[in-house]
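Visitor: I have a structure to go through and would like to talk it over. Could we take it step by step?
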Amino acid sequence: MQKKLTVVVVEEDRDRAIGIVDALKEAEDCEVFVIGNASSLARKIAAHAPDIVLVDVDNPTRDMLEELTLASGPLDRPVAMFVSGAAGGLAQAAIEAGVSAYVVDGLRPERVKPVMDIAIARFAMVRQMRNELAETRRALEERKVIDRAKGLLMKAKGVDEDAAYALLRKTAMDQGRKVVDVAEALVTAAGLLG
Amino acid sequence: MKTVTLSAAYMPLVDAAPLIVAQEMGFAETEGIALDLIAAPSWSSLRDMLAFGRVDAAHMLSPIPIAMAMQLGGVATPLSAVSVMSVNGNVIGVGKALEQELREQGFGFDFADPFAAAEALSKTRSRTLTFGVPFPFSMHVELLRYWFGATKLRDADIVIRTVPPPLMASALAAGDVDAFCVGEPWGSVAVEQGVGALLLPGCSIWSFAPEKVLATRTDWADMEPDLLGRLMRSVWRAGRWLAEPARRGTASELLSRKNYLDVPAEVIDRALTGQLTISSRGDQRDVPRFVEFHDGAASFPWRSQAKWIAHRLAQFHGSPDGFDADVVSQVFRSDLYRRHLASTASDLPGASEKVEGTIRTEMPVASARGGLTLLPDTFFDRRVFDPSQGE
């Protein structure tokens, strides 16, 4: 029987980590360890002697892992960013999904692929949720600014809400800018003058 | 001319200015391109984005493409450094504990003399000194190692550890690192947060160190000569624009925006003017040419600079089979620079290599138009690097 794969997931968010671990364990008979962000990341990872390390592309602590790829690093076995041609476009797919993987050199692609497939699917899902959340937040922020700008216009010019908005929109169109940018400029200016 | 959008990745640092200015001040537009600028969360992500084709170009640490050509690190896609985006611009600093110890010794924090700083550091009580740097392949690491090797710190117990620049201040505060070498504005941010003091500017160790390069995939550079030329010219014009002292205020404001560095303009201004606040007590030091984008053919990718980096990397990491510094140094594309910038006002040097470390004062040199003056490029210990012989 093959030796179980050891996978380390670098993830600070506990819920996300659990999701990834569950998905991996379901698909593959492997040992999974989760490590949060820490300054001694490379050493902690080395202690597990993993075959595969998974980390979010957007995680800035990823640069600490680069030390693992140097022969003189804390892992005795060289670790490489997964770039095997044999497994097709896995590396590209991984980057698009937002996961980077460090794989021990010489690990056969057919053993890596199932783990990576799961990781890619999982990270892509989380990334999409995060993007949607960011989008919602941004929309809320924009609406707040526009509301304040409308309020300022209504007070200053004695117009109603619809007229205030129409004025903002017209100015934005005339200047080739976004409504929210015009609103922001107005709020800033009012803050300075007020 | 139809506008073509090129995507370019950068790390939020003062020396990403040429890319940001190229887009914001219309230099890209003049060349019929639009830059889709993407802030990368880490140097490894930035490298992967470029290597795997997510972006066309990147603001990159000068040793990265050379290390990749030497098969160091995980990824080996051939990259080209088509121009140098910035020269110098790093600071070396210490955390509160070391600052305190150095002050007790009577050390004056002159922010100029690497020998004196090393002497003082070597006399501190500390056990192991841990230095934080942004990436294993960086000018920061090379400057530190060069400094240690030529001073009393040669035999000190020193560890160099990777810490992402935006996290450097908190790593200092937490005591994970005792000292650091980092690109601005992150050294000044550490001072602002009261967690450290600045010891030396990078240029006190090597006065003309190629810090960041404009990098593309080599196959892209070969397949898209027209787009590459437009990109290179717009970034070069942005560098020239940045070289005018009167524009520093505007540049600081641009960079400080939320979507770029998201750091107060006043803090960014320190690197651009060379007037640095080195401690939370407010001590100021002036460093002329703290970071250089244009003057003295700053953007010219000298093969000899690449060779110096290659030699230093080989010394530390061992050289790969068949290592040839002449071949590796061709990653610095002085050939493409000459081809694509001939049509600008850029004055091209006559040679593509020089003996590094021999220029002590501003020196006129042979050039295409005869008006080129090179700036001092000395190492602090006055050693020279002859690219035909190695060190």
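This is a predicted model: local features need pLDDT of at least 70, side-chain atom pairs count only at pLDDT 80 or more; totals for chains, interfaces and linings use all residues.

Visitor: Let us start with chain B. How many helices and strands does the secondary structure of chain B have?
Guide: Chain B comes to 16 helices and 15 strands. The radius of gyration of chain B is 20 Å, close to the 21 Å given by the globule rule for 391 residues, so chain B is as compact as a globular protein of that length.

Visitor: What does the C-alpha trace of chain B span along its principal axes?
Guide: The spans are about 65 × 45 × 40 Å.

Visitor: And what share of the residues of chain B is buried?
Guide: Of 391 residues, 64% count as buried.

Visitor: Which share of the contacts in chain B joins residues at least 24 apart?
Guide: That share is 74%, taken among contacts between residues at least 6 apart in sequence.

Visitor: Now chain A, please. What is the order of its elements from the N terminus on?
Guide: The order in chain A is β-α-β-α-β-α-β-α-β-α-α-α. In total, chain A has seven helices and five strands.

Visitor: How much of chain A is buried?
Guide: In chain A, 43% of the 194 residues count as buried. As for contacts in chain A with a separation of 6 or more, 65% are between residues 24 or more positions apart.

Visitor: Changing topic to charges: how many positive and negative side chains does chain B have?
Guide: Chain B has 37 positive and 46 negative side chains. The centres of these two sets lie 1 Å apart.

Visitor: How many salt bridges are there over all chains?
Guide: The count over all chains is 31 salt bridges.

Visitor: Take one of them. Which residue does B:R237 pair with in a salt bridge?
Guide: The partner of B:R237 is B:E31, with 2.9 Å between the closest N and O atoms. B:R237 lies in helix α11 (residues 225–242) of chain B, whereas B:E31 is in the loop between α2 (27–30) and β2 (33–39), so this pair ties together parts that are 206 residues apart in sequence.

Visitor: Why does B:E31 count as buried?
Guide: The relative accessibility of B:E31 is 11%, and buried means under 20%.

Visitor: What about B:E292 and B:R289?
Guide: The side chains of B:E292 and B:R289 also meet in a salt bridge, at 2.7 Å from N to O. B:E292 is buried, at a relative accessible area of 6%, while B:R289 is partly exposed at 36%.

Visitor: And which residue forms a salt bridge with B:K307?
Guide: B:K307 forms a salt bridge with B:E353, and the closest N and O atoms are 2.8 Å apart. B:K307 belongs to helix α14 (residues 303–317) and B:E353 to the loop between α16 (334–341) and β14 (363–365), both of chain B, so the pair ties together parts 46 residues apart in sequence. B:K307 is buried at 3% relative accessibility, whereas B:E353 is partly exposed at 30%.

Visitor: Which residues are joined into one network by salt bridges that share partners?
Guide: One such network joins B:K96, B:E99, B:R103 and B:D283.

Visitor: Back to helix α14. Is B:Q305 buried or exposed?
Guide: B:Q305 is buried, at 0% relative accessibility, and has its place in helix α14 of chain B. Not counting residues up to four places away in sequence, B:Q305 touches B:V84, B:F208, B:P210, B:F300, B:F332 and B:E356.

Visitor: How far apart are the C-alpha atoms of B:Q305 and B:S329?
Guide: They are separated by 8.1 Å, the two residues being 24 apart along the chain.

Visitor: Last one: where is B:L46 found?
Guide: B:L46 is found in helix α3 (residues 43–51) of chain B, and is buried with a relative accessible area of 0%.

Visitor: What is B:L46 in contact with?
Guide: Leaving aside neighbours within four places in sequence, B:L46 is in contact with B:A9, B:Y10, B:M11, B:A40, B:A58, B:H59 and B:M60. The C-alpha atom of B:L46 is separated by 9.5 Å from that of B:A8, a residue 38 apart along the chain.

Conventions. Residues are numbered from 1 along each chain as its sequence is written. Chains are lettered from A and ligands numbered from 1 in the order in which they are written. Side-chain values use heavy atoms; hydrogens and water are left out. Helices (H or I, at least four residues) and strands (E, at least two) are DSSP runs, numbered from the N terminus. The radius of gyration is taken over C-alpha atoms; the globule rule is 2.2 Å times the number of residues to the power 0.38. Buried means under 20% relative accessible area, exposed over 50%, partly exposed in between (1.4 Å probe, protein chains only). Contact means heavy atoms within 4.5 Å. Lys and Arg count as positive and Asp and Glu as negative; His and the chain ends are not counted. The place of a charge is taken as NZ of Lys, CZ of Arg, CG of Asp or CD of Glu. A salt bridge is a side-chain nitrogen of Lys or Arg within 4 Å of a carboxyl oxygen of Asp or Glu.
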